[in-house]
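Dear colleague,

I am handing over the structure we spoke about, and it is placed directly below. Please read the notes after it with the model open beside you.

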Amino acid sequence: MTTTIWTELAGLDFRVTTVDAAGVPTRSLQAGAGEPVIFLHGTSGHLEAFARNLGAHAGRYACHAVDMLGHGYTGRPDLPYEIPRYRDHLLAYMDAAGIESAHIVGESLGGWVGARTAIDAPGRVASLQLLCAGGTVANPKIMERIRTTTRQAVTADDVDLTRRRLRLLMADPKDATEELVAVRHAIYHLPDFAANLDNLLCLQDMETRLRNLLRPEDLAGITVPTLIVWGRDNPFGEVPEAAAMHEAVVGSELVLFDACGHWPQHEQAVRYNALSLAFLARHPISG
């Protein structure tokens with residue numbers, strides 16, 4: 001049976017709304033009730049990256065899947081999107097949504113932003129999940145791959161380039177469903193997306209990336225419960241990168257997924273959902 005975003009969300013009461021986050025219109029899918037969990041996607045991504053997770057989590061938690069600054073259908077201020085700006089946008093979203101403290105689930109760039117927020121504003125982050133999180137290394141080959149494949153997919157009206165960009169993330173190309181390809185292709189070809197691309201890709205510039213990196217001493221400042229999930233076939237970071245992150249974040253948990261690329265929450269949703277829910281249950285905000 002072929003599943004779609006609609007079938008993943010079937011039976012779930014949710015709304016897609018725009019939140020004014022300090023002047024930035026921010027698209028958010030909200031569902032469920034309870035302690036807030038905020039889901040943050042990766043570079044050039046969008047909230048649909050968590051379609052396979054929201055139903056499982058919304059039974060116990062108030063879920064917020066957010067298009068980050070300059071991404072998806074969120075506003076695109078004309079400035080380079082460095083990590084402090086993403087952090088500030090996340091905090092502004094939380095303020096606008098009336099969220100004092102939340103569990104943060106961040107994939108790739110989202111993990112980088114979540115970690116930075118946990119370091120700088122620990123009172124706002126109750127727990128942290130780092131799913132193939134970026135931000136701890138500066139690998140020129142990987143940075144060039146992200147920059148080149150994204151730019152090609154955005155600037156050429158060829159849906160196959162978007163398909164290749166998504167398949168790059170997955171261990172099994174079938175997980176880059178045609179529906180996800182269509183969603184991302186539509187976003188990539190919004191009138192203002194290409195004009196904003198340099199701002200969105202600035203972290204793939206070496207000088208910019210280096211001043212935003214999370215170094216071991218930064219990660220040592222994370223004091224909230226932290227779960228690190230990594231795919232053994234992650235094309236954007238090898239297992240030693242995850243192990244170093246685990247070593248630097250005191251008390252963190254590290255779980256490796258076999259036959260998994262850069263989207264563990266999507267590629268192995270059943271396993272990830274059970275792992276995440278167990279982790280969240282062990283670390284309630286009231287605790």
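Predicted model: local features only at pLDDT ≥ 70, side-chain atom pairs only at ≥ 80, totals over all residues.

Residues are numbered from 1 along each chain as its sequence is written, and side-chain values use heavy atoms, with hydrogens and water left out.

Helices (H or I, at least four residues) and strands (E, at least two) are DSSP runs, numbered from the N terminus, and two strands pair if DSSP finds at least two bridges between them. On that basis there is an open sheet of eight strands with mixed pairing, in the order E1-E2-E4-E3-E5-E6-E7-E8. Strand E1 (14-21) and strand E8 (253-257) each have a single partner strand, so one side of each is left without a neighbour in the sheet. At one end, E1 and E2 pair in the antiparallel sense over eight bridges, and they form a hairpin with two residues between them, where Ala 22 in the turn has a positive phi of about 55°. Strand E7 (residues 226-231) runs parallel to E8, with five bridges joining them, and Trp 230 has Leu 256 as its bridge partner in E8.

Helix H11 (residues 239-248) lies across E6, E7 and E8 and runs at about 175° to E7 (axes are lines fitted to C-alpha atoms, for helices over the stretch in contact, and angles run from 0 to 180 degrees between N-to-C directions; contact means heavy atoms within 4.5 Å).

Grid points are joined across faces, edges and corners, and a volume is the space filled by probe spheres set on the points.

There are three cavities of 30 Å³ or more, and the largest cavity has a volume of about 310 Å³. Of the 29 residues that line the largest cavity, the closest to its centre are Thr 43, Ser 108, Ile 146, Phe 236 and His 262. The second largest cavity has a volume of about 80 Å³, whereas the largest pocket holds about 160 Å³.

Best regards

Note on methods: 1 Å grid on protein atoms, 1.4 Å probe; cavity = no way out; pocket = protein on both sides within 12 Å on 5 of 7 lines; lining within 4 Å.
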